[in-house]
Each structure stands twice: as structure tokens, then as C-alpha cells.
Amino acid sequence: MNTKSIEMADPFSYTSAAEVEGGAIVGRTLIELAQQRDDIVLIAPDIGRGPATMAFIEAHPDRYIDTGIAEANSVSVAAGLAASGYRPFVFGIGAFLAPKCAEQIRTDVAMNKLPVTMISAWGGLDMGYFGPSHHALEDINILRGAPHLTIASAADNAAMRALMLAGVADGLPLYIRAPSSMGSDVYKGTPRFVRGAAHVITKGKGIALIGTGLGTGLCVQAAERLKEAGLSPTVVDMVYLKPFDSETICRLAREGHSLLVVEEHNTSTGLASLVAEALGRNGIAAQLDAVGLPDGDLAVAVPQQILDRYGLTVDGVVAKARALARKQ
Amino acid sequence: MPKNVKALSIPELRHRAEWIRLETIRQIAGAGLGHYSSTFSAAEILAVLYYRTLRLDPKKPDWADRDRFLLGKGHIAVGLWPILADLGYFPSAWLDKFGKIDQPLTDHPNMRDVPGIDFSAGSLGHNLSVGAGICLASRYRGGHDRTFVLLGDGELHEGQLWEAVMLASHYKLGNLIAIVDANGSSANGPTSDVMNIEPITSRFEAFGWRAVEIDGHDVARLVEVLDALPESGSGVPTVIVARTLKGKGVSFMEASPREWHLGFLGPADRKRAEEEIRSRMS
């Protein structure tokens, strides 16, 4: 159950505690990086002067480039900076960054293997109140065909920080889905991710809850409830969508797990599809279901109401997990 | 100050432009398909840039303070390859394999495959933005290098290009020089019949750029303008609107430039074209 406050009257007020917390991690991590290196640059089109950007701008005003409301230009400018030895970050509204800049990300950044890190601000349903234009639910699908691009999804602040640090260390093109403000804390310390590897949080049996982004937090909380009901679920954070860890998915299925995918993405082209594809390509039959968003007209409201509508809640995950378990 | 690699005289530069045309024909003969007429419109521009204007060191393609050259209209890489080979960026034998599978020299340039290519090209409208990013990086570094981006006039239809034009003046990128190869023709017809882009010069000026309009085949004028560019710290980006002829230098291509945008010269036509070009080189 989400108990964090939301400023209903002004979704852009940045006064939501969750938004401050979630967004600020990007700014804090950028400051941390800029203290260690002199090649960090931030481009943040139309993000406003929220806490994520302000902290960095105040600390490094010369390393912030405002490109105005021009997302495509932002990505190509970042590619030029990266080609000149810098490590630019593009922090853009999630609903627009992948859809509007798909070609710049593919052609200028990914194909040239340039070290640009792109982070979706207000990912998933964070801007669900604005209308379907502001739902960010297709970015995995849009970007997974871009060669050399790493696609990651942060479950919480700790994961976001770890992914940002890893991205700079790797020096490769990286897209990070930001944690939705409705997300919950998953990691206590700094998670040790391996690029392209699933991160197993809990090893259990019978059913595997496979989350990404906000979904991972729901999986962790749902697992606690399922344990009370006598189940022993495996919980996996699919922190990387590309490269995709088909091996872990197939191993879980071979071990006899039923698989439940939980994602704040449409289930027709997101993580559930990747999991199904991994199973199919390897000739493995497994029970598979998904909690996520359908393909079609979606509800418009503050995020929690939309999440409730489609069952992207702990209750929703528990119900589907139990239904899957009954089929075994 | 870094120096340009060669500083050829005006007659030598004219000769180089014709040589670029011949080499374009030769490479496309091997590949089986290529962009003739839009390469020919830019031959003088490429010759003056590489044999006079750009400060380069082919022995050090990654030299941080080199001038950058980005091919916005990436489909004319065939005109760039003989120049880069001649300057020593890669063996001339590569030219014989232009357009062949698994070879580095492709129809559009790839920075990962070819030394001397500062950025890949292919999608129109991107490279002025990339060039602006390179200029911002140069400012961070305290560099004096300049970035030249060769654009097609049809490329000016792209919306992103004007985002970059806006950004360049806002950030006072005096080290950014756009050259528009205004050959007046795009795949769908005369550029301004398809979608009017004129007046190009005053449109750039309205965005805060310094604009110069010249005959893009007048080598002496190109030299004059490019020799007189303001220093990189001037604070005002420059556009050179070079009025050119698509297919320039081969009369049957000048007469039907769009038909020769992408094509292949049969033996008889190739001979006619080469003879016409050579007649100006003696």
C-alpha cells in the first residue's frame, strides 16, 4: 500500500516526498560522479528546476546544458559531447525520451557505441494524470532493437545510483528507466549488478516473481505475503532488459518455477514478452502470467489510481501468484 | 596554432575538385550504385575544406585540437573517401572496395570503421546537433578547434536541424560553421517546390547566425570566405550558403540532376562523363 503523499492540485510542484526522493537520487549521483571526474555533463530538456537537476546545477553550473523543449536535439548534442570524450547524461521526460528520440538514440548514440546515459524522468505512470500522451509504457519495446544499447530499469534509489555509476564505468550507451515515484525501497545497501544479468533477490521454489522497476518492489512485498500463505517464491529483479538474461529465465523454468512477470510497462511488448521469447526460443514450456498494463486505451488519473485499476499492486501480484500456484 | 595539412593554390584546388568527381565515378563503378550528382555539387567545397581550410593531422586522427568535419548529407561520403586516402588516413587500396560487403568505405560514413571520420552520418538533420555538442565539448576543454558541418538544402526541411540552429546561437558557438550545399534539388523534386526553404540566408540570420551567400563552385570565393572565418571564440556561428548545381561538371547530369542522384553509369556514359571532366583538368 502506497502511503506517500501526492500534491493533487499541482503535479509539477515537486512537493511529493516520493518525487523529491526519487528524482533527487539522479542529481545526487551526478554530483558524486562529478566530484570524481571532470567529464560529466547534464542535459535535461523540459525537466524543470526540480531537485534532481537543481542540486547538480547549483554544484556545477557550467556542466548543465539546457536545450529547451527539444528532446531529439538533446540526444544528438549529447552524442557530440560523448564523441569528444565527455560522459553526458540526458535526463528527459519518460513519456517522450524513448518515443521521440528513438532514432537519435539508435543512430547517434547506440550505433556509434558512445557513452551517453539516458534516464527517463517520471517513468511509467508517474505522469498518468496528464493523459495517455504522458504514459511511459513502451520504452523497452521502442529501444530494444538499438544495437549496443544497454537497457536497465531501476527498482529504487539504490539501484538507480548503482546503474548510473556502472554506466559511467562501462562507457557504453545506456538507457535507464527511472523508478516510478510510486516505487518502494528494495535494496538496503548498494546492489552489485552485473551488466546483462538478472539479479536474484530471493531464491525459493515453485513460483518465481520476476519484476523490473516498480514491479520489483511489488514482487518483494508480495513475496512476504505469499510466504505467510506457505509459499516460497523466488524473487528476481530483471534490472537489465538488454542484454537480456535468458539463461536465468530458462533455468528458473527448468527448475519447475511458474513465472509471474511484474512490470510498469505494457505487457504486450515489455518484460513479459522477453520472458516468453526466451522460453520459446529454448523450447521450454512453463506457466507464465504477467501483471502490467494492457495494450489499448488506458485510464487517466493520479498514478496510484491507475496502478489500482490494472492490479499493479501488492494485492494484484499476490492474487495472480496464487492463481498460478494453483495451476501447478 | 595548428595548421592545415596542405594549402593548395586556387588552380590546384579546382583541379582537386575535378579529381574528386573522377574518383567518385571510379568508386561507384566498382560498387554498382552510388550518389553522383549530389557529390558533384559539393566537390569544390570538399576540395577547399580538406586542402586548405581544415587544421588536421592525418597521422593523429584523434588529435584533440583538430578541426572537425561532419557530413550532414552523409550520402556523399564517396566524395570524401579519395581525399582521406590521399591525405593518408587509410590506404588508397580501400577505395577499390568502396561499397563492397564488409569493407570500411560505405555510402554513408561510419566513425567506427574509418579513421578521419569525426562522426557517422546517415540520418539527415542530426549532424548539426552533434556538431554543436562537439563545439560545447571544445569550450569545456578550452580548445580553439572549429567544427564544420556540410548540410544539404533538402536537409533544412528537418525540424531537428532548426533546434540545433537555435541552440548554436543561444550558446554563442562561434566555433560552429555550417555549409549548406544549396543545389536546389531533393529526391522529390526542386527543394523549394517540395517544401520552400528560402530565404535560407535570412532565416539563419533571424536565428542569430552570421550568414554568407556565395557561388559554391567559385573556388576563389570559397577560399576567400573560409580564409576569413572569425576565430572560434567569436561567439557567433557562421553559415555559408553555397549556391551549387546538382550534377555540376557533367552536362547530362546537370540537365537531369535527380535522375543521377542515385544511379550507375554504364560504360558509354562513364566515358562521356570522364572525358568532360578531364577536359577541364588539362
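Student: What forms the open sheet of chain A, and in which order?

Tutor: In this predicted model, seven strands of chain A form the sheet, in the order S2-S1-S3-S4-S6-S5-S10, and their pairing is mixed.

Student: Why are S2 and S10 of chain A said to stand at the edges?

Tutor: Strand S2 and strand S10 (240-242) of chain A each have a single partner strand, so one side of each is left without a neighbour in the sheet.

Student: What makes S1(A) and S2(A) a pair?

Tutor: Two strands count as paired if at least two bridges are found between them. S1(A) and S2(A), the latter covering residues 64-65, have two bridges, in the parallel sense.

Student: Which way do the residues of S1(A) point, and are they buried or exposed?

Tutor: In S1(A), residues 40-43, A:Ile40 and A:Leu42 point one way, while A:Val41 and A:Ile43 point the other way; all of these are buried.

Student: What joins S4(A) to S6(A)?

Tutor: S4(A), residues 117-121, and S6(A), residues 174-177, run parallel and are joined by four bridges. A:Ile119 has A:Ile176 of S6(A) opposite.

Student: Is A:Phe89 buried or exposed, and why?

Tutor: The term "buried" requires 20 or more other C-beta atoms within 10 Å. A:Phe89 has 26 C-beta neighbours inside 10 Å, so A:Phe89 counts as buried. The residue belongs to strand S3 of chain A, residues 87-93. Leaving aside residues up to four places away in sequence, A:Phe89 touches A:Leu30, A:Leu42, A:Thr117 and A:Ile119.

Student: How far apart are A:Phe89 and A:Arg251?

Tutor: From C-alpha to C-alpha, 35 Å lie between A:Phe89 and A:Arg251, which are 162 residues apart in sequence.

Student: Which domains does chain A have, and where do they lie in its sequence?

Tutor: The domain assignment gives domain 1 (17-177) and domain 2 (199-327) of chain A. Their centres, taken over C-alpha atoms, are separated by 26 Å. Domain 1 and domain 2 of chain A contribute 24 residues each to their contact. On the side of domain 1 of chain A that touches domain 2, helix H5 (139-143) and strand S5 (150-153) of chain A each supply at least two residues. S5(A) gives the most to that side, four residues.

Student: Why is B:Leu95 called buried?

Tutor: B:Leu95 has 20 other C-beta atoms within 10 Å, and the limit for a buried residue is 20 or more; B:Leu95 is therefore buried. B:Leu95 lies in the loop between helix H4 (77-87) and H5 of chain B. Beyond four places in sequence, the residues that B:Leu95 touches are B:Gln27, B:Trp81, B:Pro82, B:Ala85 and B:Leu105.

Student: Which residues of H9(B) are buried?

Tutor: In helix H9 of chain B, residues 219-227, the buried residues are B:Val219, B:Leu222, B:Val225 and B:Leu226.

Student: Why are the buried residues of H9(B) said to line one face of the helix?

Tutor: Viewed down the axis of H9(B), the buried residues fall within an arc of 130°, so they line one face of the helix. Their cover includes helix H1 (10-31), helix H3 (43-53), strand S6 (210-215) and strand S7 (238-243) of chain B.

Student: What makes up the contact between chain B and chain A?

Tutor: On chain B, 21 residues are in contact with 22 residues of chain A. Helix H5 (127-141) and helix H6 (159-170) of chain B each supply at least two residues of the chain B side. The largest share of that side, ten residues, comes from H5(B). By type, the chain B side divides into ten nonpolar, nine polar and two charged residues.

Terms used. Residues are numbered from 1 along each chain as its sequence is written. Chains are lettered from A and ligands numbered from 1 in the order in which they are written. This is a predicted model: local features need pLDDT of at least 70, side-chain atom pairs count only at pLDDT 80 or more; totals for chains, interfaces and linings use all residues. Two residues are in contact if their C-beta atoms, placed from the backbone, lie within 7 Å. Ala, Val, Leu, Ile, Met, Phe, Trp, Tyr, Cys and Pro count as nonpolar, Asp, Glu, Lys and Arg as charged, and the others, Gly among them, as polar. Domain bounds come from an automatic or database domain assignment. A residue is buried if 20 or more other C-beta atoms lie within 10 Å of its own, exposed if 12 or fewer, and partly exposed in between; C-beta atoms are placed from the backbone. The arc is that of the directions from the helix axis to the C-beta atoms.
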